[in-house]
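Hi everyone, thanks for coming.

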Amino acid sequence: MIDSHAHIYASEFDNDRDDVVQRALAQGIEHILLPNIDLDSIEPMLKTEAAYPEICRSMMGLHPCYVDGNVDQTLATIYQWFSQHSFIAVGEIGIDLYWDKTYRTEQEKAFITQLNWAKEMRLPVVIHTRDSIEETLSLLRQEQDGSLSGVFHCFGGSIEEAKAINDLGFHLGLGGVSTFKNGGMDVVIPELDLNYLILETDCPYLAPVPHRGKRNEPAYTQLVAQRVADLREMSLQQVDELTTHNAKMLFKL
Ligand SMILES: [Zn+2]
């Protein structure tokens, strides 16, 4: 099993990161993929990767919530990292219109710039959207030349949105939201194309039921897998094999 989106380098894990990784291994987690968010997260992320080189793999990118008036400079610094270290993806990148629309133009520019890095470096992208699925899809449609691949992480949208994402050749990352009783995913998950599904936690956020509201961690990927298995009338092992295969192909693990 692979946790395709985990911020275990965050300070929330400073006191027990090793226990968290050991619990993940005990649950059969093979890889934990680490998305970068801004300039400050790079050092703790690379340290975490270095501590667990067989398990943790880093991405590099600028998260839309950390885009501001200095975006050109920040992107220049982030871009340099690609020549200094090997990364499995450009991420996380995207558009977030929920928290703050002040830098909407800058967010779009940063997203397009980073999509072009992905084309140049032949890397998949890990996309964050919030209140912005339509905007994100239209930018992606504009940039998709057949070479872009990636995942809409933390997917909680409709069947139509899932189809539009898959039509662009993109995967869906299912996490804790899939287990929420009021999330509406019980009707969406049975309709999704299994070839485009991967699992994630987005820890420390969005812990799946029954840990909702508490700190999330990679070991809980199994709870998401179980939820998908229940809704699809499949075995946990089938969901594990399928999503692990999809993640390995997407991230070339
Ligand atoms: Zn994230």
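Let's start with how helices and strands are named: they are DSSP runs, with helices being H or I over at least four residues and strands being E over at least two, and both are numbered from the N terminus. This is a predicted model, where local features need pLDDT of at least 70 and side-chain atom pairs count only at pLDDT 80 or more, while totals for chains, interfaces and linings use all residues. Residues are numbered from 1 along each chain as its sequence is written, and side-chain values use heavy atoms, with hydrogens and water left out.

Okay, the overall picture. The protein has 9 helices and 8 strands. Its C-alpha atoms fill a box of roughly 45 × 40 × 30 Å along the principal axes. Now, the radius of gyration here is taken over C-alpha atoms, and the globule rule is 2.2 Å times the number of residues to the power 0.38. For 253 residues, a compact globule would come out near 18 Å, and the protein has 17 Å, which agrees.

What about inside and outside? I'll say buried for under 20% relative accessible area, exposed for over 50%, and partly exposed for in between, using a 1.4 Å probe and protein chains only. Buried residues make up 53% of the 253. Accessible areas come from the Shrake-Rupley method with a 1.4 Å probe, and for residues only the protein chains shown count as cover. The accessible surface comes to about 11,200 Å², and 48% of that belongs to carbon and sulfur atoms.

One more term: contact means heavy atoms within 4.5 Å. Take the contacts between residues at least 6 apart in sequence: 73% of them join residues at least 24 apart.

Next, the pocket. On a 1 Å grid over the protein atoms alone, a pocket is an open set of points where a 1.4 Å probe fits, with protein on both sides within 12 Å along at least five of seven lines, and lining residues have an atom within 4 Å of a point. Grid points are joined across faces, edges and corners, and a volume is the space filled by probe spheres set on the points. The largest pocket has a volume of about 650 Å³. Which residues are the closest to its centre? Out of 28 lining residues, they are His128, Thr129, Arg130, Cys154 and Asp202. The elements giving two or more residues to this lining are β4 (90–96) and β5 (125–130), and β5 gives the most, with 3 residues.

For classes, Ala, Val, Leu, Ile, Met, Phe, Trp, Tyr, Cys and Pro count as nonpolar, Asp, Glu, Lys and Arg as charged, and the others, Gly among them, as polar. By that count the lining has 14 nonpolar, 8 polar and 6 charged residues.

Now find histidine 5, in the loop between β1 (2–3) and α1 (17–26). Is histidine 5 buried or exposed? Buried, because its relative accessible area is 0%. Leaving aside neighbours within four places in sequence, histidine 5 is in contact with residues including Glu92, His153 and Asp202.

Most residues other than glycine have a negative phi, and most peptide bonds are trans. Here, though, the bond from glycine 91 to glutamate 92 is cis, with omega near 0 degrees, and glutamate 92 lies in strand β4. The bond from valine 209 to proline 210 is cis too, with omega near 10 degrees. Proline 210 sits in the loop between β8 (197–199) and α8 (221–232).

As for phi, aspartate 131 has a positive value of about 50 degrees although it is not a glycine. You'll find aspartate 131 in the loop between β5 and α5 (133–143), and it counts as exposed because its relative accessibility is 56%. Glutamate 233 also has a positive phi, near 55 degrees. Glutamate 233 is in the loop between α8 and α9 (236–251), exposed at 75%.

Last stop: histidine 211, which is in the loop between β8 and α8. Histidine 211 is partly exposed, at 23%. Not counting residues up to four places away in sequence, histidine 211 touches Tyr220 and Leu223.
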